[in-house]
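Here's a quick tour of a protein model for someone who likes cut-offs spelled out.

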Amino acid sequence: MQQKIVLIGGPGTGKTTIINELIKRDFYCMPEVSREVILKAKKEGIEQLFLTEPLLFSKMLLEGREAQYNNAISLKEKIVFFDRGIPDVHAYMNYFETTYPAYFVEKSNAYKYSKIFHFSPWEEIHTTDNERYESFEESVKIDAFLIKAYSELGYNLISVPFGSVEERTNFILNSLSGE
């Protein structure tokens, strides 16, 4: 049975850095979809699609994450890591107080993950860039919505301790091998 492992947490908590380390260690990883969506919109002249058309942006994210999940099923990999999961979409919508159709949560219930690793906000490593513009304070607030969304879906979140990239990656792998 394939394990589908999701890394969650507010922006700038180190998820993508760990995904990149897992790739270096020959694990199959699905990248964060939102960067692709943001870059595509910018090429079309829309500076911040999430702010101008949040529902369209979120539908695109949902479709991208659903496609990643379905792609993972077709792989022969025993473990697939995801930089964010399907429930992140409605968690963000809740954070931004944006109304969305019921199927957003229905998809979160339909596509289940094996384990969820949670990255707490960490001010020392938080940075912003062209695709990540949230402040540390916003990251903390978003994190609370992510925890709520995944908890309401019945997931037990595994907290990844602060530490070096190697320590954090080893923690995740050791948590998986302990079964």
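## Starting at Ile142

Ile142 is buried, with a relative accessible area of 1%. Here buried means under 20% relative accessible area, exposed means over 50%, and partly exposed is in between (1.4 Å probe, protein chains only). Ile142 sits in helix α7, and its C-alpha is 9.6 Å from that of Pro121, 21 residues away in sequence.

A word on the ground rules: this is a predicted model, where local features need pLDDT of at least 70, side-chain atom pairs count only at pLDDT 80 or more, and totals for chains, interfaces and linings use all residues. Residues are numbered from 1 along each chain as its sequence is written, and side-chain values use heavy atoms, with hydrogens and water left out.

## Elsewhere on α7

Val140 is in helix α7 too, but that residue is partly exposed, at a relative accessible area of 37%. Along the chain, Val140 and Pro11 are 129 residues apart, yet 8.6 Å separates their C-alpha atoms.

Glu138 belongs to α7 as well, a helix that covers residues 136–152. With a relative accessible area of 32%, Glu138 counts as partly exposed. Together with Glu123, Glu124 and Glu137, Glu138 forms a negative surface patch. Patch members have over 30% relative accessible area and no salt bridge, with like charges joined within 9 Å and nonpolar side chains (Val, Leu, Ile, Met, Phe, Trp, Tyr) within 5 Å. A salt bridge, in turn, puts a side-chain nitrogen of Lys or Arg within 4 Å of a carboxyl oxygen of Asp or Glu.

## The whole fold and its core

Zooming out, there are eight helices and five strands; these are DSSP runs, with helices (H or I) of at least four residues and strands (E) of at least two, numbered from the N terminus. Of the protein's 179 residues, 47% count as buried.

The largest nonpolar core holds 22 residues, and Val6, Phe82, Tyr113 and Ile116 have the most contacts inside it. Two or more residues each come from β1 (3–8), α2 (33–43), α4 (54–74) and β3 (79–83), with α4 giving the most, at five. Such a core is a set of buried Ala, Val, Leu, Ile, Met, Phe, Trp, Tyr and Cys residues joined through side-chain atoms within 4.5 Å.

## A covered helix

Helix α5 (residues 87–95) is mostly covered, with eight of its nine residues buried. Among them are Asp88, His90 and Tyr95. Just past α5, Glu97 takes a positive phi of about 55°.

Methods: Areas by Shrake-Rupley, 256 points an atom, 1.4 Å probe, with all protein chains shown as cover. Lys, Arg positive; Asp, Glu negative; His and termini not counted. Charge placed at Lys NZ, Arg CZ, Asp CG, Glu CD.
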